[in-house]
Amino acid sequence: MSDPTIELVRRLRPADAERAHELFPADERAALLARILASPTAARHGASEARRRAVAPAWRQSRPRLTPRRATLGIAAVAAAATVLALLPGSAVRPQSASAVAFRSTPTGGVIAIVTDPFATQKRLDASFAARGFDISVRLVPVSPSLVGTVVAISGDSAGIAPLGRGRCVTGGGACPIGIQVARGFRGHGSITLGRPARRGESYGSTASAFAPGEALHCSGLLGARVRDARGPLRSRGIAVAWWRDANASGRSAAAAPPGEYVWAADFLAPGKVGIWTRAAPWPGDRLHGANANRGCRAGRR
Amino acid sequence: MTDADRRRFERIYAEQFDRVSAYALSRADRQLAEDAVARTFEVAWRRVSDLPAEPLPWLLGVARRSLSELRRAQRRRDGLLERIATAQPLAFADPADDLATRDRLLAALNCLSEPQLEVLLLVAWEGLSHREAATVLGCSAPAVALRLHRARARLRNALHETDRGRAPDDAGGGPPVAHESTPAPRLAKETI
């Protein structure tokens, strides 16, 4: 490194490379490690090079800013891990282990617990944590896709437990890992409620905007559309409208809405079942009214 | 896959994660870097029994190929020089000299071929030896040494030209980012 040209070039190195340890936080790298270790190896499964290349990075599953195309890649990545594949709604693959939770130690001495059966009974979940020596109660409630794996409620000694990837995973397919990271040496009591995928026909216990990244109407172009223009696309997507409500809070709730009104907001009540708020005034398109749901959409789509 | 393999992988992951991340971040934006880092360690886990005793060059080689594949998959054309030109550099010793020095350096680096730039950065940024850089690039150590020698010579020459107030070689006053034309005629026959 004594060569002056080498030293000069060294100074051009992007500064963020020097801060790699800050840009990839410990919990995210621990979650990535857990997913990698849960994935099949060539030695066990004979994965071909072509298949290996087709598998998108598992890391992407923990990131919050996925576009729909990336979401598809993220789901493909999860498919590489049999245990995580069990999280997909309707999947034919079931966990081979009797335990509903897979535990991994992290390099920093903590423990990552990934729920391998999101439809396990509470008794099985509790037994899995107890068998590991934890007094932790993880409860699962059905949520809309973008909220799978996120925290719905937390109580007790919550400082020692946290959702994986800070609970920000968004895939649109309900394929986010459901789990927690337990701090090194944690011996307290904790209770945390996490979102899990909903079964067909099951009502959501918590839901995000139907237009949010990861939800079925993200980038659909229907936010701000007139009611008459929204009906066809909703039908073609197999989405039933449970009710239309006046967003001016006049109390109207009906099976129909004035066709000239505009869509201001929507929430899924269950998979394929949405409730929509409308107003006579055009949707203003500002952040206060959900414009940030357009993140990642092509210009003109929302 | 044995427990020993798992423990070894976890140790390598803990020890090398920052180095691999820094490598990827110095060559791509964060989003692409994240994907490349994840892919690199996924490959490492699948081939844990093949990992050499000193795994860093092997890992950087996988990261390099991953970045290339991901760029192709995303139809992205941003190269090394674009990354350098758009990133916030490490602080220079004399802040007043920052912009002028940086522009001068970028213009000079623009005279290098992509392979020359690659080997120069492996040594200057990652601190690799010739042998380690050879592992990353998939060539021999002597080839790395020769390529590095030529890169340094061309860089010195380009810097000298700019110091004399002329555009380096045939850059023609173009923007200080990567170009697709053939590098300086004087060294155009260079194959390494």
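**Exercise 1. Find how many residues helix 4 of chain A has, and how far the helix reaches.**

Solution. Helix 4 of chain A has 13 residues and reaches 18 Å from its first C-alpha to its last, close to the 18 Å expected at 1.5 Å a residue. Here the expected span is 1.5 Å times one less than the number of residues. Helices (H or I, at least four residues) and strands (E, at least two) are DSSP runs numbered from the N terminus.

Before going on, note that this is a predicted model, where local features need pLDDT of at least 70 and side-chain atom pairs count only at pLDDT 80 or more, while totals for chains, interfaces and linings use all residues. Residues are numbered from 1 along each chain as its sequence is written, and chains are lettered from A and ligands numbered from 1 in the order in which they are written.

**Exercise 2. Decide whether helix 4 of chain A is mostly covered or open, and name its buried residues.**

Solution. Start with the term: a residue is buried if 20 or more other C-beta atoms, placed from the backbone, lie within 10 Å of its own, exposed if 12 or fewer, and partly exposed in between. Next, count: ten of the 13 residues are buried, and the helix is mostly covered. Among them are Asp27(A), Arg29(A), Leu32(A), Leu33(A) and Ile36(A).

**Exercise 3. Work out which residues of helix 4 of chain A meet helix 2 of chain B.**

Solution. First, place the helices: the axes of helix 4 (residues 26-38) of chain A and helix 2 (residues 30-46) of chain B come within 10 Å and cross at roughly 35°. Axes are lines fitted to C-alpha atoms, for helices over the stretch in contact, with angles from 0 to 180 degrees between N-to-C directions. Then list the residues: Leu32(A), Ile36(A) and Leu37(A) meet Ala38(B), Phe41(B), Glu42(B) and Trp45(B). Contact requires C-beta atoms, placed from the backbone, within 7 Å.

**Exercise 4. Explain why Ile136(A) is buried, and find its contacts.**

Solution. Locate Ile136(A) in strand 3 (residues 135-142) of chain A. Ile136(A) is buried because 26 other C-beta atoms lie within 10 Å. Leaving aside neighbours within four places in sequence, Ile136(A) is in contact with Phe129(A), Ile161(A) and Gly190(A).

**Exercise 5. Describe which elements chain B has, and how much of chain B is buried.**

Solution. Chain B has eight helices and zero strands. Of its 192 residues, 41% are buried.

Methods: Contact = placed C-beta atoms within 7 Å.
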